[in-house]
Amino acid sequence: SGAARALPARPADAHKGSFGHALVVAGSRGKSGAAALAADGAARIGAGLVTIACPAGLNEILEVKCTEVMTAPLPDGAEGGFASAALAPLLLLARERDAVALGPGLGREADVQKLVREFAVRCPRPLVIDADGLFPFAKAALGALKARKAATILSPHPGEAARLLGVTAAEINRDRVGAARRLAAEAGSVVILKGAATVIAGPDRRTALNPTGGPALGSGGTGDVLTGIVVGLVAQGVAAFEAATLGAWLHGFASDRLTARRGCSGVLASEVAAELPEACEALR
């Protein structure tokens, strides 16, 4: 019932402008799928508009792949990821959107890491950071996120959480609630610690354990869909902690529905995204 209450309303007289505009900063050569899946998650959870900011070399691919979302091609480097010159236009794009996702498929080149750090600190909107977007914030760098004015949501798996806190993944998994709370406190962020029984922790020590989801989510791209779901909810006006808990619940619920029909192997991330409208309707 808590999840149902948090689900954004869909008034009969609403239009696409009523449901927010999400910006997905994602992709590099060989990883355009991550950008597409995150954008799909945002659109399927009900964001009115979605724009992918991508390296220019991926633009034509994503224009064909993502029919319902817009793209913004930005300067790219020789490695096929964002160039440092993308920072200023990214900040301009972010200012005109309601929420931003940063990370899926960005790559880890030095230029990209520098851009991620600077963009994250200066982004004026609520920010969901996942995957390669988390890589530049190991240990001492976490404090930079605490200085952000708008809400921040981090979505690490245990290995990424271990790198952020300077410990091992085994230590994270020995006390997942404690690890999520520590990371939330040190980063001043809401944390979605992924894995079996995903933990959501807020910087105010609010904590939730997610009961949905299972081995069907153990395939490439499902985390990108979750990032899209969460940024799509924030774009629609859902507060950060509620967007993280509801997003994780719906992501797992959609995969549970697919598992009940088809079994738990071979479920694709794009199918989890496609199941979201019916999952939301069942929740409503």
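Strand β7, residues 190-193, and strand β8, residues 199-201, run antiparallel to each other and are joined over 3 bridges. Two strands count as paired here if DSSP finds at least two bridges between them.

Before going on, a word on the model. It is predicted, so local features need pLDDT of at least 70 and side-chain atom pairs count only at pLDDT 80 or more, while totals for chains, interfaces and linings use all residues. Residues are numbered from 1 along each chain as its sequence is written, and side-chain values use heavy atoms, with hydrogens and water left out.

Back to the strands. The loop between β7 and β8 contains A197. Its phi is positive, about 55°, although A197 is not a glycine. Most residues other than glycine have a negative phi. A197 counts as partly exposed, because its relative accessibility is 45%. The cut-offs are under 20% relative accessible area for buried, over 50% for exposed, and partly exposed in between, with a 1.4 Å probe and protein chains only.

The next loop, between β8 and β9, holds R205. R205 is also not a glycine and has a positive phi, of about 75°. With a relative accessible area of 54%, R205 is exposed.

In what order do the 9 strands lie? The order is β3-β2-β1-β4-β5-β6-β7-β8-β9, in an open sheet with mixed pairing. The edges are β3, residues 70-74, and β9, residues 207-209; each has a single partner strand, so one side of each is left without a neighbour in the sheet. On average, neighbouring strands are turned by 15° against each other, direction ignored. For that angle, axes are lines fitted to C-alpha atoms, for helices over the stretch in contact; angles in general run from 0 to 180 degrees between N-to-C directions.

Next, helix α2, residues 32-44, and A39 within it. Is A39 buried or exposed? A39 counts as buried, because its relative accessibility is 0%. Leaving out residues up to four places away in sequence, A39 touches V24, V50, I52 and V69, where contact means heavy atoms within 4.5 Å. V50 is 11 residues from A39 along the chain, and their C-alpha atoms are separated by 6.5 Å.

The criterion is a side-chain nitrogen of Lys or Arg within 4 Å of a carboxyl oxygen of Asp or Glu. R44 is partly exposed at 35% relative accessibility, and D40 is partly exposed with a relative accessible area of 26%. In the whole structure, the search finds 13 salt bridges.

Several of those involve R257. One joins the side chains of R257 and E275, at 2.8 Å from N to O. This pair links distant parts of the chain, with R257 in helix α11, residues 240-262, and E275 in helix α12, 18 residues apart. Another salt bridge joins R257 and E278, at 3.5 Å from N to O. Here too distant parts of the chain are linked: R257 is in α11 and E278 in α12, 21 residues apart. R257, R261, E275 and E278 are linked in a network of salt bridges.

What are the accessibilities in this network? R257 is partly exposed, with a relative accessible area of 23%. E275, in helix α12 (residues 269-283), counts as buried at 5% relative accessibility. Apart from residues up to four places away in sequence, E275 touches A254, R257, L258 and R261.

Last, charges over rings. The charged end of R10 sits over the ring of F19, 3.6 Å from the ring centre. R163 lies over the face of F135, at 3.7 Å from the ring centre. The test is that NZ of Lys or CZ of Arg is within 6 Å of the ring centre and within 35 degrees of the ring normal.

Technical notes: Helices (H or I, at least four residues) and strands (E, at least two) are DSSP runs, numbered from the N terminus.
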